[in-house]
Amino acid sequence: MKMTFLENIMSQFNAAADVLQLSDSDMEMLTTPNKVITANLVIKMDDGSFRMFPAFRVQHNNVRGPYKGGLRYHPDVDLEEAKSLAMLMSYKCAVADIPFGGGKGGIEVNPKALSSRELEALSRAFIRAMQCDLGPEKDVPAPDVYTNETIMDWMEDEYSRLAGRETPAVITGKSVKNHGSLGRDDATAKGAYFIIKKAVKALGMEGRKLTVAVQGFGNAGYNIARMLEDDGNFTVVAVSDSKGAVYIKGGVHADSIMRHKKEEGMIDGIYYKGSVCEEIEHKHMSNQELLELDVDILIPAALEGQITKDNAPNIKAKIIAELANGPVTFGADRILDKKGVLVLPDILANAGGVTVSYFEWYQNMHDEKWSRERVYGKLRGKMEKAFDDINAIRQKRRVSFRTAAFVYAIQCIMQAGKGKHWP
Ligand code: NAD
């Protein structure tokens, strides 16, 4: 039977709990949210009617610092799933060594069905309902599925209005003109890029051009493809979106594909590179075929549950970097580990986004403005240290990279919680 997202995360947690021989009360403390706030938001619609939208915020654990995590607008937002995502955020913040705990929130709404005015009213209503539980030193939300910098700007403005003073550090992912950070736009991919470079070195794969396949061509997938191409040591041979994949043996050229996607609404149909009308030999394939390509590095950057027990035996990549949250299931992880595939887990591989969110918060708290280069430099330091610390645990404990990352995160949280939750 297929595992749910929550069951999957709990299996990952349990593997680390076994290694650390945690007690039942430790496990309860580490997996249960401190607080769940729910509200029903009422707004006036453009047609004069009033509608109610259920909303929630999960605050998982704050022994390392204020809660931090995204706000999702979706008709199917699920409180139980949000609890496990908030827990993952606590671990991700610990892995990246940023002083935050995990949070996650959502509003049950189809944002595409709302006008811009209605969306703004809803976003401001969320802040009014949650204001007592939010704040730069309490809980700092960020964008997630179907929320963006405009929504973060509205929320920051509403919070500041209620607080009676400008409070940019209450929320991250704001526009750069409104106290956002440079480098936040491609931070997730940048963090993954640093981690992939470390993994390549650790596995002794340097010295030849490595082939890469990327599933998903949105913010995370496009940017990582572009960065690896620019590096010069990688050839991105395949990319995909929800409609299918394209394979070009000599390399795809991410910018041309993005241009085509913007013009035509799909990546398929790429025949030319750059502005040169030189026909490129290419092949169309399904997402499943892309995952099973004979490449050195596979980057799932779209959805959860893409590599399962069913297709894991067919995976040929030597490194998998999880840019998406939960693309490799727990069962698949076991198979891949036995095959010697290095799976760089989401709580490490996509932690660049929350790390630069922390830099944004820090700049706001200290009234600073960092250059893009400074942001990348600091991100690189955090990512490389996290890789080294987790790799050391992996080698010492002889566990998978994912279990090592969970062990590391749990140890950090328990250490910080001494005297509060743990003796
Ligand atoms: P996005 O919406 O910008 O892009 C998603 C891409 O996935 C799109 O190109 C879409 O066409 C593609 N896609 C959808 N269904 C697909 C399918 N069945 N097969 C192949 N491709 C499919 O999203 P994003 O911001 O790039 O996020 C992607 C993943 O990375 C998500 O799991 C997200 O949670 C995770 N993530 C993103 C960030 C970030 O900062 N962007 C941070 C952490 C984690």
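Mentor: With a cut-off: a disulfide is a pair of cysteine sulfur atoms within 2.5 Å. Keep in mind that this is a predicted model.

Trainee: How many disulfides does the structure hold?

Mentor: In general, a disulfide is a covalent bond between the sulfur atoms of two cysteines. Here the count is zero. The closest cysteine sulfur to that of Cys93 belongs to Cys412 and lies 11 Å away, which is too far for a bond. Cys412 is likewise in no disulfide, its nearest cysteine sulfur being that of Cys93.

Trainee: Is Cys93 buried or exposed?

Mentor: Cys93 has a relative accessible area of 0%, so it is buried. Cys412 has 22% and is therefore partly exposed, since the buried class ends under 20%.

Trainee: Now the helices. At what angle do α6 and α13 cross?

Mentor: Helix α6 covers residues 187-202 and helix α13 covers residues 372-397; their axes cross at roughly 45° and come within 9 Å. That angle makes α6 oblique to α13. The crossing of the two is right-handed.

Trainee: Which residues in α6 and α13 meet?

Mentor: From α6, the contact includes Ala187, Gly191, Phe194, Ile195 and Lys198. From α13, it includes Tyr376, Leu379, Arg380, Met383 and Phe387.

Trainee: How do the residues of that contact divide into nonpolar, polar and charged?

Mentor: Nine are nonpolar, two are polar and five are charged. Lys190 in α6 and Glu384 in α13 are also part of this contact.

Definitions and conventions:
Residues are numbered from 1 along each chain as its sequence is written. This is a predicted model: local features need pLDDT of at least 70, side-chain atom pairs count only at pLDDT 80 or more; totals for chains, interfaces and linings use all residues. Side-chain values use heavy atoms; hydrogens and water are left out. Axes are lines fitted to C-alpha atoms, for helices over the stretch in contact, and angles run from 0 to 180 degrees between N-to-C directions. Helices (H or I, at least four residues) and strands (E, at least two) are DSSP runs, numbered from the N terminus. Angles under 35 degrees count as roughly parallel, over 145 as roughly antiparallel, 65 to 115 as roughly perpendicular and the rest as oblique. A crossing is left-handed if the near helix is turned anticlockwise from the far one by less than a right angle, and right-handed if clockwise. Contact means heavy atoms within 4.5 Å. Ala, Val, Leu, Ile, Met, Phe, Trp, Tyr, Cys and Pro count as nonpolar, Asp, Glu, Lys and Arg as charged, and the others, Gly among them, as polar. Buried means under 20% relative accessible area, exposed over 50%, partly exposed in between (1.4 Å probe, protein chains only).
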